[in-house]
Amino acid sequence: LEARGVSELATCGDEVALREWNTRYFGDNGLMKAAFGKMGAIPKDQKKVFGEEANRVKGALTTAYEHALAEAKERRLQISLTTNPLDVTLPGRPRARGRLHPATQILRQIYTIFADLGFQVYRTREVETDEMNFEFLNMPAHHPARDMWDTFFTTTPGVVLRTHTSPGQIHVMREAAGKPIRVILPGMCYRNEAISTRSEIQFYQVEGLVVGEGVTMADLKGTISAFARRMFGPERQVRIRSSYFPFTEPSIEVDIDWPKDDPNRDRLTKGTGWLEILGAGMVHPNVLRAGGYDPDKVTGFAFGMGPQRMLMLKHAIDDIRLFWQNDLRFLKQF
Ligand code: FA5
């Protein structure tokens with residue numbers, strides 16, 4: 001039996017065959033068990049010799065089996081190492097990295113510039129009352145200037161989606177309760193507009209508000225010029241035109257000149273060389289009063305800009321709709 005077992009073991013090529021061999025010899029119905037079963041038929045005086053011999057064969061075959069199994073495992077390891085080699089010195093596969101949305105990037109640039117000018121960032125709500133969005137900003141009900149903002153009304157009377165960040169001015173003034181103010185108010189605004197290449201129904205604005213004793217138009221000009229040069233380059237000239245907003249008096253609109261060597265200059269500036277970046281003005285006395293400030297003691301200036309339009313200028317993007325389409329071909333360029 002021993003000789004037969006060893007020779008059969010030698011023909012087992014892999015672990016599966018080895019385990020089959022093991023069952024054949026050492027299983028419940030195996031040859032070893034059958035051999036021990038013959039004990040009963042052996043004459044008494046020979047039992048001892050037979051038993052010792054059977055145990056020796058069992059031990060020898062077990063050792064041979066374990067040896068063969070270990071060899072088979074080692075062979076399998078060698079094969080997997082050589083047929084599928086792993087080169088740990090190769091550089092790793094690059095992972096696709098996320099990035100900030102371009103609108104977020106331009107907002108952060110704006111925060112940085114105004115932080116350097118001593119402005120704090122303040123956030124207010126996107127769902128506003130009619131009072132905050134219009135009335136406290138010097139636009140009583142039926143004021144014709146309300147038509148400047150195509151408003152989304154909610155089903156709750158007197159509640160609207162804010163059409164601009166200007167109602168934040170009132171919130172800040174009421175919270176600051178008479179103290180000097182120097183803040184910017186970034187956030188999403190909503191207008192029921194016909195969507196076009198330049199107008200979306202939702203877009204960011206960044207409002208600015210400075211209130212204190214002796215704040216003048218010169219401070220507004222200085223602040224806007226400093227901002228424009230940091231954002232668009234030190235050579236930029238700033239042009240101020242008079243304008244109208246109910247909540248500022250006087251009101252202005254601010255243009256910057258566009259570099260002459262930019263091939264997109266004519267397209268962006270409609271051939272004038274100048275490009276509008278924001279609306280602004282001195283805070284109207286009625287607005288200061290609505291915020292709890294005394295217009296005889298303090299003055300203030302405010303401005304409102306569209307960061308997405310600014311980004312479009314910087315990169316000659318000709319369609320504002322690209323911002324919320326989530327087209328990776330567009331987003332990956334920033
Ligand atoms: C205002 O909303 C005033 N609240 C700005 C202001 C604040 C004036 C404080 C004075 C003092 P206007 O409607 O022009 O103004 O909007 C300001 C900027 O928001 C625009 O110059 C533009 O950059 C951006 N904007 C307005 N409407 C849209 C729109 N539909 N899509 C994208 N950007 C827009």
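Predicted model: local features only at pLDDT ≥ 70, side-chain atom pairs only at ≥ 80, totals over all residues.
**Notebook: strands and a ligand**

I started with the shell around the ligand: β5, β8 and β9 each supply at least two of its residues.

Next I looked up who else is around the ligand. I found 24 surrounding residues, and the closest are His-164, Ser-166, Arg-191, Glu-193 and Glu-200. As for where the ligand sits, that's the largest pocket.

Glu-193 has a polar side-chain atom 2.7 Å from a nitrogen atom of the ligand. How much of the ligand does the protein bury? Taken alone, the ligand exposes 680 Å², and the protein buries 93% of that.

Back to the strands, and to β9 (residues 299-305) in particular. Is β9 largely enclosed or largely open? I counted buried residues, meaning those under 20% relative accessible area. Five of the seven in β9 are buried, so the strand is largely enclosed by the rest of the structure.

Which strands pair with β9? One is β5 (residues 202-212), which runs antiparallel to β9 and is joined to it by seven bridges. Another is β8 (residues 274-283), also antiparallel, with five bridges to β9.

Last, I picked out Phe-301 in β9. Val-210 has Phe-301 as its bridge partner, and Met-282 stands opposite Phe-301 too.

Conventions
Residues numbered from 1 in each chain as written. Heavy atoms only, no water. Buried < 20%, exposed > 50% of the residue type's maximum accessible area, 1.4 Å probe, protein only. Helix = DSSP H or I, 4+ residues; strand = E, 2+ residues; numbered from the N terminus. Pairing = 2+ DSSP bridges. Near = heavy atom within 4 Å. Polar contact = N/O pair within 3.5 Å; in protein donor to acceptor, adjacent residues only side chain to side chain. Areas by Shrake-Rupley, 256 points an atom, 1.4 Å probe, with all protein chains shown as cover. 1 Å grid on protein atoms, 1.4 Å probe; cavity = no way out; pocket = protein on both sides within 12 Å on 5 of 7 lines; lining within 4 Å. Sits in = over half its atoms within 2 Å of the grid points.
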